Structure formats: structure tokens, C-alpha cells
Amino acid sequence: MSFKDDLRMMRHQAGLTQEDLAQKLHVTRQTVSTWETGKNRPNLETLHTLSQLFNEPLEKLLFGDETKVDKVNRHSVAKKIDHDVNLKKRYRFWTISLASLLTLTVAGIGLLLFGYYQGIDTIDRINPFLSYEVGYTKLPSSSEISPRNKKTDGYWTAWFTDSPMGNEWTKLTLTTGENPGLKDPYVMAYHKGSFVKEARIVPRTYLSKAYVSNLKGLETLLKTKSTPDYKLFQHQIHVSDTIQDLSEE
């Protein structure tokens, strides 16, 4: 019998309608109809799927009834086609898997970069590319840091100098509680990007002169709104500029 007759017979024996078979093969009913009328034939991959679905040898679907002499050669061809189809499926699987992995990797890195530049502490906390640093800043006024402040619940934001060279700055939002009575209080923050793991109020003597100089330079800079870099410190989260040089310009 021809392929169209074989297909129709196998479908009837399996108790499937053209619509049922089309759904299993992810094609339209009209496509199945063209196969059964002989107007068209399925591709090799679909023939392979039909072979597995109806438990029929692939060579029978490819060549129909053959003589015994031909069957040896036909079986060899069918076996090679079966191998090629399986190989193609494996290539497709690995291609999709690698593409998905690459997409997830790019999306993950993009999310980490977005979190870093937007100052999202929950993302910075899990960012494996960031390391913990120690930053310092001057403790704000009591009214600003008070836990009784209903507007802020004691949370406040300030620039922290992360390097004695004055070239690494991070804007952090944190809570420290009130000044325990220190005369010249500063804040030391142990942070990873914008994520603050721990913060302490410390005396001025706890800081080196370099850190104090950095903070004074920043204070001078922010008081001079005409400075070209003023907006940089108003809107960004991380800055890598030397404050002393900017405040002297």
C-alpha cells in the first residue's frame, strides 16, 4: 500500500480522527487530510514521530511494501534517517537549553547591574560580584535620625566615603538610633553596595584624618550648587571621583 493508505489505516486502527492525529503531531487537520489524499507528505521528522506513535517501522512509512531484496537496503536507509532525526532532536534540545541558559545569565547580570545603579539593597545583598566595604559619614542631626520621626521611622540617607583616597562613595540609607552622647559623632557602615549589614555610631577619633578630610570636601562641594559635579552627587548612588579635587575647582 501507499503511504496515504497506510496512514489512513493506522489512524483508524488507533481509533483516531484526523483532528486527534493533528493535535498529537502539532499540525492542522487540513495537513493530515493532504497526507491521506496523497497531495502532500510529512517531513522526515514527522514520519519518525508517526513511526513511534503507531509502532510501525520507519522504512515501511518511507517505502511501503518492498521486495525482500530491497528491504535490506531500505532498512539501512531508514536506520540512517532514524539516527539523523534523533540527532537533530538532540541538537535542538541542546540549542534551546544553551539559549535559555544564556538568556537567564544575561537577564541575571542585567538585574544585578540594575540593582547596583539604582541602589536596591535587596539585590545588592545577593550580588556575588560585590564585596563588603567599610564606609564613614558624619552623623546627621538628632531630629533626622530619631526613631520617633514618623516620616522616616529613623531611617536617613547620606554619602559614605569608602576609601581614604576619597575616590569611592556610596549613598546609603540606614538607621542607627540616637547619638549615645558622643561629642563629635560619625557613623561607620559595613555595607555591600547599597545593602547595609551593620552600622555603628563612633567618635571622631575612630576615623583617620583622610576620611574626615573626604567628608569635609564633600560638604563643601554640596554647599556650592554651581559646581559642575553638584548634580552628580544629588542623583547618583555610587560615585568614583576625588572629592578634594572637585571641591578645590
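## Overall make-up

The protein chain has 11 helices and 6 strands, counted as DSSP runs from the N terminus (H or I over at least four residues for helices, E over at least two for strands). This is a predicted model, where local features need pLDDT of at least 70, side-chain atom pairs count only at pLDDT 80 or more, and totals for chains, interfaces and linings use all residues. Numbering runs from 1 along each chain as its sequence is written, and side-chain values use heavy atoms, with hydrogens and water left out.

The accessible surface is about 15,600 Å², and carbon and sulfur atoms own 55% of that; the areas come from Shrake-Rupley with a 1.4 Å probe. As for contacts (heavy atoms within 4.5 Å), take those with a separation of 6 or more: 52% of them join residues 24 or more positions apart.

## Helix α2 and its buried side

Helix α2 covers residues 18-25, and Gln18, Leu21, Ala22 and Leu25 are its buried residues. They sit on the same side of α2, because their arc around the axis is only 105°; the arc is that of the directions from the helix axis to the C-beta atoms. In general, an α-helix has 3.6 residues a turn, so residues three or four places apart point the same way.

The cover over the buried residues of α2 includes α1, α3 and α4. Just past the end of α2, His26 takes a positive phi of about 60°.

## How α2 meets α4

Helix α4 spans residues 44-54, and α2 packs on it at about 115°, with the axes 11 Å apart. Axes here are lines fitted to C-alpha atoms, for helices over the stretch in contact, and angles run from 0 to 180 degrees between N-to-C directions.

On the α2 side, Leu21, Lys24 and Leu25 do the touching; their partners in α4 are Thr46, Thr49, Leu50, Leu53 and Phe54. Sorted by class, that contact has 5 nonpolar, 2 polar and 1 charged residues.

In α3 (residues 29-36), the buried residues are Val32, Trp35 and Glu36. Their arc around the axis is only 95°, so they share the same side of α3. These buried residues pack against α1 (3-13), α2 and α4.

Note on methods. Nonpolar A, V, L, I, M, F, W, Y, C, P; charged D, E, K, R; others polar. Buried < 20%, exposed > 50% of the residue type's maximum accessible area, 1.4 Å probe, protein only.
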